[in-house]
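Keep the sequence and the 3D view at hand as you go.

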Amino acid sequence: FTKSDLVETLGIPEEKISVVYSGINSSFRPLLPADSSLIEWRKKRGLTFPYLLSLGTLEPRKNLIAAIRAFNLISTKPSFHDLRFVIAGRPGWLYHDILREARTSPAHNRIIFLGPIQHNERILLYNGAEAFLYPSFFEGFGFPSLEAQACGTPVIASDRTSLPEILGSSALLIDPWRIADLADAIE
């Protein structure tokens, strides 16, 4: 995706660009639900309930407002009564709009902002999640979606930019503009 973006946007000849796919750190791996480090960390962080996860800089391109609205759609259903939505990451530009959306959500008491997360916590956070939501409008690569998968966490991601290229059929891909489709994928 980035290669085609460079060719189209900057007019760089295609033959002058080589694509080298990135890998991810081998520390991202599945943990057993009974793993003591996972259990202790979840207790320490107060994450002892089932949760959906979004992780990344809080900014408009991550489409967290749509993720919150999709969570609103499923949160009233009895089978999702205990489910929470955990959002982790540092504040970015226009992050106040995301906070406002969460604050005014009918499920506001079930949306949790953790702030920035350390590397070792990311592994635990992914492993504890029921699913990882990544309905981003634009990604140059999309490391968090691969990190989540490496931890054994199902991924629901946007069908835009680099994400279909790196995830292929290993994730549920949705149109990031269609909130109902994201809610259906979560279900």
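**Exercise 1. Describe the lining of the largest cavity by residue class, then find where the lining comes from.**

*Solution.* By class, the lining has six nonpolar, three polar and one charged residues. Here Ala, Val, Leu, Ile, Met, Phe, Trp, Tyr, Cys and Pro count as nonpolar, Asp, Glu, Lys and Arg as charged, and the others, Gly among them, as polar.

Before going on, note that this is a predicted model, where local features need pLDDT of at least 70, side-chain atom pairs count only at pLDDT 80 or more, and totals for chains, interfaces and linings use all residues. Residues are numbered from 1 along each chain as its sequence is written, and side-chain values use heavy atoms, without hydrogens and water.

**Exercise 2. In what order do the six strands of the open sheet lie?**

*Solution.* The order is β3-β2-β1-β4-β5-β6, with parallel pairing (a pair needs at least two DSSP bridges). Now look at the edges: β3 (111-115) and β6 (172-174) each have a single partner strand, so one side of each lacks a neighbour in the sheet.

Finally, zoom in on one pair. β2 (residues 84-88) joins β3 in the parallel sense over four bridges, and Phe85 stands opposite Ile111 in β3.

Key:
Helix = DSSP H or I, 4+ residues; strand = E, 2+ residues; numbered from the N terminus.
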